[in-house]
Amino acid sequence: MSILELSGIEKSYGPIKVLHGINATVEEGEVFAIIGPNGAGKTTLFKVMTGESYANAGTVRFDGRDVTFEPPHLRTRAGVGRTFQVARVFNPLTAIGNVIVAIEARKKAQNRDDNPWWAVKPSASTREEALHLLEGVSLAGKANFAATDLSHGDRKRLELAITLAGRPRILMMDEPTAGMSPGDREQVSLLIERIMKPEAEGGLSADGRKLTVVMTEHDMSVIFGLASRILVMNQGELIALGTVDEIRNNPQVREVYLGTEDQTLEIVA
Amino acid sequence: MLFTLINSLTLGMAVFLVAAGLTLIFGIMRILNFAHGAFFMLGAYLTSTMVQDMPGSVWILIGTALVAGVIVGLFGLAVQHFVLSKLDGIDEHFMLIATYAVMLMTVGGIKSVWGLEFHSVDPPPGLDLGVDIFGTFVPSFSLFIICAGGVVFLILDYVIHRSWAGKLAVAIARDNWTTNLMGVNGPLGTKIVVAASFALAGLAGGLLLPNQTLSPALGDTFLLMAFITIVIGGLGNIRGAFVAALIIAVIDGLNTYFLPSFPGVIIYVGMVACLLLWPNGILGESRL
Amino acid sequence: MSSSVAERHSGREQALTLSQINRVLFVAAAVIIAAMPYLTNSGLLYLVGTTLILAVYSVGWNFLFSWAGLASFGSGGLFCIGAYVSAVALRAGWEQYFLLVIVVATLAGAAVAFLVGFVALRRTSGIFLAILTLSLAELLRHTLMHTRWLGSEDGLPNITRPTVSFIFFELNLKSGPAYYWFICAFAVVMLGICWWLSHGPLGRRLQAVRYDIERASFVGIDVHRNRLLAFVISGAVAACAGAVYAPWAQIVTPELSGMIRSTQPILFTLLGGLHSFWGPVVGAFAFMGIDYATRTLIGIQEIITGGILLGVILVFRGGIVGSWNALLARIFPGRGEQ
């Protein structure tokens with residue numbers, strides 16, 4: 001069964017229609033990329049999928065369940081993790097404090113609080129898990145840094161750790177490499193590839209299955225390196241959906257998205 | 001019935017006179033000014049000092065109120081220079097509390113200059129009696145307040161929505177930075193609007209002075225009503241404030257008519273209800 | 001200069017760390033407060049007792065503000081509700097059940113806060129909440145002013161201090177010092193509960209919401225529910241403080257719901273130190289000192305209070321606690337804790 005199903009998604013901001021009926025399904029364990037020129041509606045579609053805003057028509061199903069109008073905290077508890085284009089973390093807290101808050105939120109939601117009711121400090125197992133996650137994103141050395149003092153790239157890693165603390169089954173990343181140098185982008189690609197794996201294989205996906213990733217991205221080398229399938233959008237409509245090769249050879253994509261034919265060949269090659 | 005209506009309308013317009021300046025300063029600086037009530041009071045005290053027990057005529061009352069408005073406007077410039085201009089970009093709660101501190105200092109100043117005694121001033125000759133409308137006795141001072149509210153609204157509405165100066169002010173309120181780039185002196189524009197807002201508070205204090213008991217607590221009552229008015233009307237929206245003042249007048253009328261033993265209770269119930277029904281204001285929030 | 005001080009204290013084992021210095025001060029202050037009945041006359045004792053109650057009330061407000069990031073401008077209304085519940089019960093002669101009365105008053109405050117919060121907190125705008133809470137408190141004040149069986153504008157006077165009966169013994173709180181010590185015990189219990197709540201998992205969740213509301217909901221925190229919980233707790237603390245206040249002042253009036261009462265915790269918190277648990281307590285006592293010192297100067301008092309507040313906002317954003325800690329860190333560098 002598909003982990004995420006979008007059917008007939010429409011969304012308007014006032015009189016302006018931004019999404020014109022998008023249909024797509026995301027399979028478990030794949031990396032699903034959404035691309036399109038600026039203003040194509042990628043971010044809006046992303047927001048509808050995560051619950052940041054709700055669709056005007058159509059349904060979003062997660063794991064077979066209708067979550068179209070479910071608020072973000074319930075989707076997060078159900079297993080949807082999300083990162084932002086500009087990393088959003090709890091600035092005044094330390095790196096480990098950030099992750100602890102996220103772990104405690106998960107444990108509380110699942111009624112698996114291992115702390116006695118009177119305890120003030122987080123439990124030992126919570127702290128351990130937080131450190132483990134920070135290690136997983138190579139931030140263990142900066143666990144006691146205030147999040148404000150971290151660099152742009154480290155904040156993205158921290159945000160990833162916070163998101164993984166919720167033990168998501170699907171990870172939604174809005175432009176994970178936005179504003180990074182080419183070297184850092186490659187690092188992020190490798191990181192995503194690694195954390196997707198189940199824990200037994202050295203990854204950070206806690207429930208033994210491979211993590212599903214949905215991402216929007218501008219950098220084609222990141223996309224072609226990671227993605228198993230690509231959804232191409234233009235002006236609020238889906239113009240193509242398929243594997244990397246299918247998208248590369250889709251004439252409509254070339255025309256609408258990548259511009260003239262000469263450029264296309266250069267970029268794709 | 002008509003008597004109740006006129007009375008309520010008087011209250012509504014009185015509240016609008018106070019709310020007008022309040023919504024103006026919110027429009028330009030995004031500051032909810034707690035000190036507004038205190039400066040309203042300052043205007044009233046200044047006017048009372050100038051006219052003593054009774055203004056000589058209507059025109060003297062209007063004239064002294066205008067003078068009080070100018071003086072309070074100058075105070076406003078000082079407040080803008082020393083306090084408000086330094087609050088840019090800080091948490092909105094700090095802004096609220098900073099203006100609250102200004103209010104405390106102003107009230108303290110009023111207390112130390114004029115003392116704690118109650119003053120009262122009679123309406124000027126010509127407004128101290130009543131007129132007969134359809135067999136109902138209507139105090140002519142009430143009619144004066146209603147007219148004053150209407151005139152102030154029309155002038156403000158014209159200046160903001162029609163005149164060149166108003167358009168500049170709107171531009172500054174919407175995007176100060178870009179407006180500066182276009183060669184407009186943004187800081188000066190802000191100063192003028194802030195001074196105008198304070199001057200309106202002083203003017204309202206002067207105009208509403210007769211028939212009020214002047215005590216250092218006067219500002220609070222009007223301030224709270226004015227707050228609710230501008231929130232109901234939509235913050236920063238002058239037309240909204242006018243409509244909200246009319247709504248308050250209607251609610252107050254209903255209160256007097258149906259529950260005379262609880263004056264002022266239904267009016268607050270009504271205001272709370274309006275707040276909950278239209279959290280962004282009836283006419284929506286506006287940057288001037 | 002500062003480095004030489006550090007050298008003089010190079011024997012680190014003997015030197016107190018900064019938090020130990022503060023702890024010593026804290027204990028000293030607690031001892032002085034507890035010994036107050038032996039140190040002062042009844043007038044000043046009354047002032048200190050009132051300040052203690054207001055300090056607890058302000059800590060409750062600050063829990064909402066510094067932890068959940070919500071500013072209520074109507075907490076006086078909840079304080080007033082607690083005070084009236086307690087006043088009515090004591091005048092009806094239920095003094096032996098005083099502790100139960102306090103509990104009922106606290107629950108009443110919590111219930112009202114729940115109703116208000118349930119409707120009001122869906123809006124995130126701070127100004128909206130400020131105006132709404134301000135008008136609700138004013139609504140309460142006007143209603144009380146015209147409710148005859150609650151004494152209208154004059155309020156309820158002659159509230160007797162109770163003799164509380166436990167099953168095996170009785171506790172006589174009729175005298176000033178006895179009730180004062182009861183206030184001390186109340187302050188210890190309430191401050192303890194508040195400290196525990198703000199430093200535990202709930203406190204961490206609320207802070208997460210304050211720092212970034214969107215991120216908080218995307219780690220699975222139910223923002224609305226947690227804020228509502230903080231609102232209810234804060235309301236319960238205010239009503240509880242009000243219930244203890246009524247027999248101490250021996251009179252309650254509708255003015256308890258006025259703007260002055262509602263803005264008190266804001267001033268205390270700001271002067272004492274924002275985002276600090278003990279800030280409101282320090283601020284309450286500092287304000288008491290200022291008020292007491294300027295009590296004969298009509299008008300000047302407000303000017304000084306306002307001036308201090310402006311100074312805090314424009315210059316010393318950390319308030320007394322923040323500035324004190326910064327000062328300590330400057331005088332004794334290298335003694336902070338890791």
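Me: Is C:His275 buried, exposed or partly exposed?

Reply: Happy to look, with one note that this is a predicted model, where local features need pLDDT of at least 70, side-chain atom pairs count only at pLDDT 80 or more, and totals for chains, interfaces and linings use all residues. Residues are numbered from 1 along each chain as its sequence is written, while chains are lettered from A and ligands numbered from 1 in the order in which they are written. A residue is buried if 20 or more other C-beta atoms (placed from the backbone) lie within 10 Å of its own, exposed if 12 or fewer, and partly exposed in between. C:His275 has 18 other C-beta atoms within 10 Å, so this residue is partly exposed.

Me: And is A:Glu175 buried or exposed?

Reply: A:Glu175 sits in the loop between β7 (170–174) and α6 (182–195) of chain A; helices (H or I, at least four residues) and strands (E, at least two) are DSSP runs, numbered from the N terminus. Its phi is near 45°, a positive value in a residue other than glycine. Because A:Glu175 has 20 C-beta neighbours inside 10 Å, it counts as buried.

Me: Which element gives the most to the side of chain C that touches chain A?

Reply: Two residues are in contact if their C-beta atoms, placed from the backbone, lie within 7 Å. On that basis the contact takes 18 residues from chain C and 22 residues from chain A. On the side of chain C, the elements giving two or more residues are α8 (176–199), α9 (201–211) and α10 (213–217). With five residues, the one that gives the most is α9(C).

Me: How far apart are the end C-alpha atoms of α8(C)?

Reply: The expected span of a helix is 1.5 Å times one less than its number of residues. The 24 residues of α8(C) should therefore span 34 Å, and this agrees with the distance between its end C-alpha atoms, 34 Å.

Me: What is the radius of gyration of chain B?

Reply: Chain B has 11 helices and four strands. The radius of gyration is taken over C-alpha atoms, and the globule rule is 2.2 Å times the number of residues to the power 0.38. For 288 residues the rule gives 19 Å, so chain B is as compact as a globular protein of that length, its own value being close to this at 19 Å.

Me: What share of chain B counts as buried?

Reply: The C-alpha atoms of chain B fill a box of roughly 60 × 45 × 35 Å, taken along the principal axes. Of its 288 residues, the share that counts as buried is 52%.
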